[in-house]
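I hope they are handy while you have the structure open.

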Amino acid sequence: MQYDKRFVIRITVTFRPLRRTVIPPFTAKVSKTILNMFSELYRKLSERENSFKPIAVTPLYRGEQALFKTKKDHNLIMLEEGAYYRFSASIVTDEATTVNELISLSNPMVGDVFSSPISIENVKIEVRDFESFGFNKPSAIKISFETPVLLQLPSKKRYMSGRHFLFPIPSLMIGSLIEYWNRHCPARMLVKNAYYLTVYSNYALREADFEITPVTVLYDESRLIRGFVGWVLYDLRVARNTRSLRKILALLDYAQYVGVGRSRAAGFGQIKLKYYY
């Protein structure tokens with residue numbers, strides 16, 4: 001029997017600006033501008049009118065630091081001439097995708113990215129199929145929230161807008177990931193026990209230490225967005241290595257590619273995991 005296959009493709013682009021220039025305060029706009037120039041697949045998927053677009057984009061990074069401006073910052077964000085920057089984009093797709101759809105770059109010199117030409121120095125492509133997500137049960141796991149996370153309670157009746165939390169409650173993270181996973185995974189891999197899994201995650205992922213900071217970021221000249229950054233260390237030693245725990249670990253592995261919470265396609269909710277065995 002032949003099964004449908006779905007993949008997450010991550011493109012990581014390293015570039016150098018050839019002129020010093022001012023860029024938007026939330027730098028994922030620069031990432032999206034560059035992607036629009038050489039990825040037909042990204043252009044097509046980003047134009048979809050729905051809240052679960054199969055794409056996630058990071059802001060720019062310089063070294064290990066994600067670049068975005070908070071309400072407290074008074075300086076402009078600049079691209080420095082000759083410095084190295086990188087960003088990533090993850091796209092959920094099927095096996096019919098061609099390399100030319102994913103990336104078409106005949107010339108490494110790209111012009112007029114917020115008034116600066118840039119030189120594409122490196123493009124790395126990583127492919128994961130949904131069956132590959134997950135990892136062996138560690139004793140602890142550290143989740144670093146590198147860009148502001150927008151975690152929201154599900155909307156209910158008169159609370160239609162939901163409520164945002166400024167702390168990474170496991171059930172909200174896992175609930176958000178299940179919703180995104182089920183929209184894009186192969187039909188045979190749907191998470192069917194979603195309610196149980198979200199509740200169980202609060203018991204399986206036990207906070208041992210954390211450093212979480214609420215931040216208000218400038219998305220553009222008129223919009224301020226409130227979220228949180230930082231990290232949490234979760235102790236998994238007492239959690240049994242059950243099928244439910246393995247599914248939670250698979251969802252967290254998936255989150256390293258697609259993010260967590262709202263507005264992933266705009267650069268929010270990007271995370272990184274570190275395991276301790």
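1. The largest pocket has a volume of about 870 Å³. A pocket here is an open set of points on a 1 Å grid over the protein atoms alone, where a 1.4 Å probe fits, with protein on both sides within 12 Å along at least five of seven lines; lining residues have an atom within 4 Å of a point. Its lining counts 31 residues, and Phe52, Ser176, Glu179, Gly261 and Arg262 are the closest to the centre.

2. Please keep in mind that this is a predicted model: local features need pLDDT of at least 70, side-chain atom pairs count only at pLDDT 80 or more, and totals for chains, interfaces and linings use all residues. Residues are numbered from 1 along each chain as its sequence is written, and side-chain values use heavy atoms, with hydrogens and water left out.

3. Helix 4 gives the largest share, 6 residues. By class, the lining holds 14 nonpolar, 12 polar and 5 charged residues (Ala, Val, Leu, Ile, Met, Phe, Trp, Tyr, Cys and Pro count as nonpolar, Asp, Glu, Lys and Arg as charged, and the others, Gly among them, as polar).

4. Two of these helices also meet each other. The axes of helix 4 and helix 5 come within 7 Å and cross at roughly 150 degrees. Helix 4 is therefore roughly antiparallel to helix 5 (the term covers angles over 145 degrees). The crossing of helix 4 and helix 5 is right-handed.

5. On to the second largest pocket, with about 400 Å³ of space. Of its 18 lining residues, Arg10, Arg86, Ser88, Gln256 and Lys272 lie nearest the centre. Strand 7 makes the largest contribution to this lining, 4 residues. The classes here are 5 nonpolar, 6 polar and 7 charged.

6. Finally, the sheet: 4 strands form an open sheet in the order 13-14-10-15, with antiparallel pairing (two strands pair if DSSP finds at least two bridges between them). Strand 13 (206–218) and strand 15 are the edge strands, each pairing on one side only. From one strand to the next, the twist averages 10 degrees. Strand 10 (residues 140–149) runs antiparallel to strand 15 and is joined to it by 6 bridges. Lys272 in strand 15 is the bridge partner of Ser144, and Lys272 is also among the residues nearest the centre of the second largest pocket.

Definitions and conventions
Grid points are joined across faces, edges and corners, and a volume is the space filled by probe spheres set on the points. Helices (H or I, at least four residues) and strands (E, at least two) are DSSP runs, numbered from the N terminus. Axes are lines fitted to C-alpha atoms, for helices over the stretch in contact, and angles run from 0 to 180 degrees between N-to-C directions. Angles under 35 degrees count as roughly parallel, over 145 as roughly antiparallel, 65 to 115 as roughly perpendicular and the rest as oblique. A crossing is left-handed if the near helix is turned anticlockwise from the far one by less than a right angle, and right-handed if clockwise.
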